[in-house]
Amino acid sequence: MRTRRERESDTAIYSAGPWPRRLRLGAGSILFLYVTLHLIDHALGNIGLGAMQAMLMVQLWLWQGAVGSLLLYGAFLVHGGLGLAAFYQRRFYGLTGSEWTQLVLGLAIPALLANHLADTRLALLLYGLPKQYPQVLATFWVFVPLFGVLQVVVLIVAWAHGCIGMHTAFRLKRWYGRVDRLLLVLAVLLPVLALLGFVTGAREVARDLHVPAWRAVELAPARIGTPPEAAHLFAVRNACIGAWLALLALVLTLRGLRTWREARRRGIAITYPDGRVVEVPAGFSVLEASRRIGFPHASICGGRGRCSTCRVRVLGAAAALAPPAASEAAVLARVGADPVRIRLACQLRPRAAIGVYPLIPPDIARSFLAGSGGGKPGEERFVVAMFVDLRDSTALIRDRLPYDAVFLLGRFVETAAAAVLAAGGVPNQFTGDGMLALFGLHASPLEACRAALGAASRIAATLNEVGGALAEAGGPFGFGIGAHCGMAVVGEIGFGRSRTFTALGQVVHLAARLEQAARDFRQAAVISAEIFERAGLAPPPEAAREMTPRGHDRPLAVYLLSAASLAREFAPA
């Protein structure tokens, strides 16, 4: 028999799962399209009232038909209903400024929209009043200017809410970084043009009001309604606002009851690496627990299960945890993580006491997301990480003049970096006597792996040539290479103007461990077998090994290669 705590934990997982988010995003996208078309229509007022009316006919055809009405009203109910469910479910610990803004704006939209809804759509449905731009602008600009202010406010609020939602949903997509600035320009320019068009069209209507024939046609009771009809629509509007406020009050009451009930129960203990232990109610995710106590925890996507930066190593009875859902398992598989010991903190909702160890530096979310620092947003993508190190660099420069030492180290790094660039890679970080190179930033996994092997071959060949030429100055150079491939978070990290592009993740850690293993095995390179598999190349069978890198609990298939083998077997064509 399952306990009440287990049932509550499953309910929390169900209500916070991926399908409600996807459904809410789909419904929100329809509403965002609706608002966008409205803004475009308003912006056409800069051309004239006739252009606004022409675009309005397109909108009426699109949204007042059977299919359009079903999509629009269905999206409104789904997005609003799931938004209220998320408002009840979510724990408001560690929300960013944009998340708070989106939340507040989203809760305000239905109340602000009620007036426009009653004055246009309900007027058509209840009384058959075909109000269009002449009637609406006359009301907003001349008869009841307060309604015009409300209309402007609701458009701005809905647009801001939608833009934040779209940015949150797509900012980690690979294509987003290429168009984010253009989208920002459009996000600012479109509402400005819409407001200008609104004012221009309203002034044109105000001039037409002085023409008796125009007033007789456009402001006839058959178009704008009678005073009793207006009073009824006003009452319906107030009822809609009251119903929405009552729903918000109900949700807040339920949240309060939940908090009161949770405070009376013994919680689930979660232990952190610094020794802190927090007790949280059943249904809390590990990420929510971290935010509750202020424990720094990376989460680029904001806890929505769209990235792997919040992942943790589970310490203790990992087998007692519920298995990851399909969406979480897919994310873990992308980064090659063991789904038993490694879990996403935003999706892991423990049923019993556990310990966790976050695997990603806690400042990654601040460093990798675009903000005041002007950095590029981080993204997860397949890369090959390669570390190249100068062997015995201390002995090489110990008895040399400083300028000679700098010359030798610079010659080594220059040669290795040139080989990486020639193969299509990117020299990323320099440590004096070593370098991290990345492959695959703008290439497929197959191309990235072949480029990395080509670079390793070039390094072996060119360092041998350069080292021979510099024999009297201290060469030939001994070197070591470690390379591994997989998913990593790539983006800018740093503070202010001191920012640099780099990669973070298990693939980088393993590449560093393999470079150290090359030293231990007295080989020129230790390269993971996965790189050769993805490249479709076959290294010498006798070079195959299986090792467990330091700090990892699973063996890794690798190949140990000499400098001669690298230069001979994998030289670029």
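I checked burial first: 48% of the 573 residues in the protein are buried. I count a residue as buried under 20% relative accessible area, exposed over 50%, and partly exposed in between, with a 1.4 Å probe and protein chains only. The model is predicted, so I take local features at pLDDT of at least 70 and side-chain atom pairs at pLDDT 80 or more, while totals for chains, interfaces and linings use all residues. Residues are numbered from 1 along each chain as its sequence is written, and side-chain values use heavy atoms, with hydrogens and water left out.

**Overall make-up**

I looked up the secondary structure. The protein has 20 helices and 13 strands. These are DSSP runs numbered from the N terminus: helices are H or I with at least four residues, strands are E with at least two.

I then looked up the contacts, meaning heavy atoms within 4.5 Å. Among contacts with a separation of 6 or more, 73% join residues 24 or more positions apart.

The accessible surface comes to about 27,900 Å². Carbon and sulfur atoms hold 64% of that surface. The areas come from the Shrake-Rupley method with a 1.4 Å probe; for residues, only the protein chains shown count as cover.

**Helix 6**

I picked out helix 6, residues 133-143, and found it mostly covered. Eight of its eleven residues are buried. They are Y133, P134, Q135, V136, L137, A138, T139 and F140.

**Cavity**

How many cavities of 30 Å³ or more are there? I get one. A cavity here is a set of points, on a 1 Å grid over the protein atoms alone, where a 1.4 Å probe fits but cannot get out; lining residues have an atom within 4 Å of a point. Grid points are joined across faces, edges and corners, and the volume is the space filled by probe spheres set on the points.

The largest cavity has a volume of about 60 Å³. I listed its lining: L39, H42, V152, L155, I156, P191, A194, L195 and F198. Helix 2 (18-43), helix 7 (145-170) and helix 8 (176-208) each give two or more of these residues. Helix 8 has the largest share, with four. By class, the lining has eight nonpolar residues, one polar and no charged. Ala, Val, Leu, Ile, Met, Phe, Trp, Tyr, Cys and Pro count as nonpolar, Asp, Glu, Lys and Arg as charged, and the others, Gly among them, as polar.

**Salt bridges**

I counted six salt bridges. The rule is a side-chain nitrogen of Lys or Arg within 4 Å of a carboxyl oxygen of Asp or Glu.

R349 pairs with E288, the closest N and O atoms being 3.7 Å apart. R349 lies in the loop between strand 4 (342-344) and strand 5 (354-358) and E288 in helix 12 (residues 286-293), so the pair ties together parts 61 residues apart in sequence. R349 is buried at 10% relative accessibility. E288 is buried too, at 14%.

D389 pairs with R519, with 3.0 Å between the closest N and O atoms. D389 sits in strand 6 (residues 379-390) and R519 in helix 18 (residues 506-520), so this pair ties together parts 130 residues apart in sequence. Buried or partly exposed, what is R519? R519 is partly exposed at 40%, whereas D389 is buried at 11%.

R534 pairs with E530, the closest N and O atoms being 3.1 Å apart. Both lie in helix 19 (residues 529-535), four residues apart, about one turn of the helix. R534 is partly exposed at 37%, and E530 is partly exposed at 29%.

Key:
On a 1 Å grid over the protein atoms alone, a cavity is a set of points where a 1.4 Å probe fits but cannot get out, and a pocket is an open set with protein on both sides within 12 Å along at least five of seven lines; lining residues have an atom within 4 Å of a point.
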